[in-house]
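Here's a quick briefing for anyone opening this structure for the first time.

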Amino acid sequence: MRTFLSGIILAATTAQADAASVHSALGGEQFGLQPADNYQLANGRCRDCGQKQALWYFQDELIALPPASANDAPGLVWLGSPQLVPQARFDGTALHTADGTTLNFRLAPKIASNRSYFNASSEAFFRQREVRVRGQWDEAGQQFVARTIWPRDYVIDAGKLPVQPLSGADDLQGFVRHAEGGARGEYAVRKVWQRPGAMPAELSGKPVLAVMLSGAQGDDDEAYGGHFAIATGRLGPQGEWSDWLVNNFYGLDSYSEKGIVASALPMDNYLMDLNSGQQYYRPSYMLVAVLKDPRTAQAYQANVNQVFRDFYAHHFSYQHAAANCTGINVDVLRKLGWQWPLQGPTNRLKAVGAFAYMAAKEMSIASGKKAYSYFTEEQTRLHPAVAFDALGKDLLNVLGGQAGRQLSGFEQQLQSDVEAVMLVRIPQVPSSRAFGSAPAYSIDEFMARAPQDRSKWQVVPTEPRPFPEELMDEQAKKNLQTSAWPMAALVLLVAAIGTAWHWRRRQKLRQQVPHPERLRA
């Protein structure tokens, strides 16, 4: 197994960390649908080893690079750690592995900008169960330094679950909103559909296409909208899913306070990394289509791999309305032919008022454009929760022969290939962070949750991360140029600006018009 890094320990050399207890993060592992054995470890400083624009974001991070011949593989996988302990008990100071080895243990440090971290309540949570831990053996300190801790009882045991169809008020939104989003609840799995005649026990090892929804944060008034991602992989022999590959889009042009970088990454890191894991600051939900054939999952993954290449190259930019975590992902599905019913924009009339108000208030047409875009964007591209709901409903309608439209080739494959549909609700890991809740399903709901006085909003400032001009190709430079706002919009501004100061119920307008940088995932 080759590596581009020196100093990374791929096999433990001490009696405590023998090969039976500490494994390579590549050997015998999966990155979604692909075996990890063929990948190579590197960081972004390696030369001639991948897309230079993508590597720039991972200069000091461990990544896994696929073989040059693997055209269907992600350009890189953000791995973070070179080793893992696949099965152990955790007592706060040591890992007691399945083979009887005891490994001294410490946590990777909290990054400076992260406002909360693992604490005594986190320790109590993980003491109750077996864990899978990603990290690195520190030979000098004779300790395993943990970066990701995954609860091994989080499985999707399809064979033991009865079918419980959704009906009436017991719908997808009800599943998400249950117990205020389930942040303090129990891990729950529900089988809502199974192909007639299919044997439940035969679902292990099957490929999956999974829609991920994360809830609202409890300590950030800009993050009530939640987050959205799509994962591919296979159900493990016992229903394991920690090695699925998540396609996670975040803005590239600022530093995340939690250290998140947009990338494809393993599910355990996506949810349970001590700094960047979603589950340390909100609950999450998952809609899992278990497949008899990997072709639909492979088609999505191959297409989103190219989207990542364009994204890293700055051929398009992350925008909180027009190209956010939801829109980027669902556009891939739309391109493949999944034609779920659109819901239209929130309110075009409010959009006109929002444009005029923000343009006048901040003396900026750009601010007006951003506010306008929230109200005019298709809601299944804008809101993570709305997209999750729409895709889930439509998938069940397609499988039940009730789509009400002629199915595309991709939809016909879904109808033919889906063996079962599972819902998963994942509680927040207790820590020093406030508990989150279910995500907002609309702009109005988002604004109703925030304090009326904007000066009392909890916000997390981030530092800009300008992309080096020397890494820009011609398409990126063209994208960087500010596009001219259509002349019709300038006319609209002239017509509307005179009414901005007389906007009806002006004191309540803040409940209708989010700041252009709000609604952050």
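A polar contact here is a pair of N or O atoms within 3.5 Å, where, within protein, one must be able to donate a hydrogen and the other to accept it. Keep in mind that this is a predicted model. The protein chain has 521 residues, and 56% of them are buried.

**The whole chain**
- You'll find 14 helices and 18 strands in the protein chain.
- Take the contacts with a separation of 6 or more: 76% of them involve residues 24 or more positions apart.

**Y187**
- Look for Y187 in the loop between helix 3 (172-177) and strand 12 (188-194).
- Y187 has a relative accessible area of 18%, so it counts as buried, the cut-off being under 20%.
- A polar atom of the Y187 side chain sits 2.8 Å from the backbone oxygen of V155.
- The side chains of Y187 and W241 also make a polar contact, at 3.2 Å.
- Y187 and P427 are 240 residues apart along the chain, yet their C-alpha atoms are separated by 5.9 Å.
- Setting aside residues up to four places away in sequence, Y187 touches a list of residues including D153, Y154, I156, V424, R425 and I426.

**Q278**
- Q278 is in the loop between helix 4 (267-272) and strand 17 (284-291).
- Is Q278 buried or exposed? Its relative accessibility is 1%, so Q278 is buried.
- The Q278 side chain is joined to that of Y250 by a polar contact of 3.1 Å.
- Beyond its neighbours within four places in sequence, Q278 is in contact with several residues, among them S214, H227, I260 and S284.

**T97**
- T97 belongs to strand 8, which covers residues 94-97.
- With a relative accessible area of 8%, T97 is buried too.
- Its side chain and the side chain of D99 are joined by a polar contact of 2.3 Å.
- Apart from neighbours within four places in sequence, T97 is in contact with S21, V85, Q87, A88 and L103.

Key:
Residues are numbered from 1 along each chain as its sequence is written. This is a predicted model: local features need pLDDT of at least 70, side-chain atom pairs count only at pLDDT 80 or more; totals for chains, interfaces and linings use all residues. Side-chain values use heavy atoms; hydrogens and water are left out. Helices (H or I, at least four residues) and strands (E, at least two) are DSSP runs, numbered from the N terminus. Buried means under 20% relative accessible area, exposed over 50%, partly exposed in between (1.4 Å probe, protein chains only). Contact means heavy atoms within 4.5 Å.
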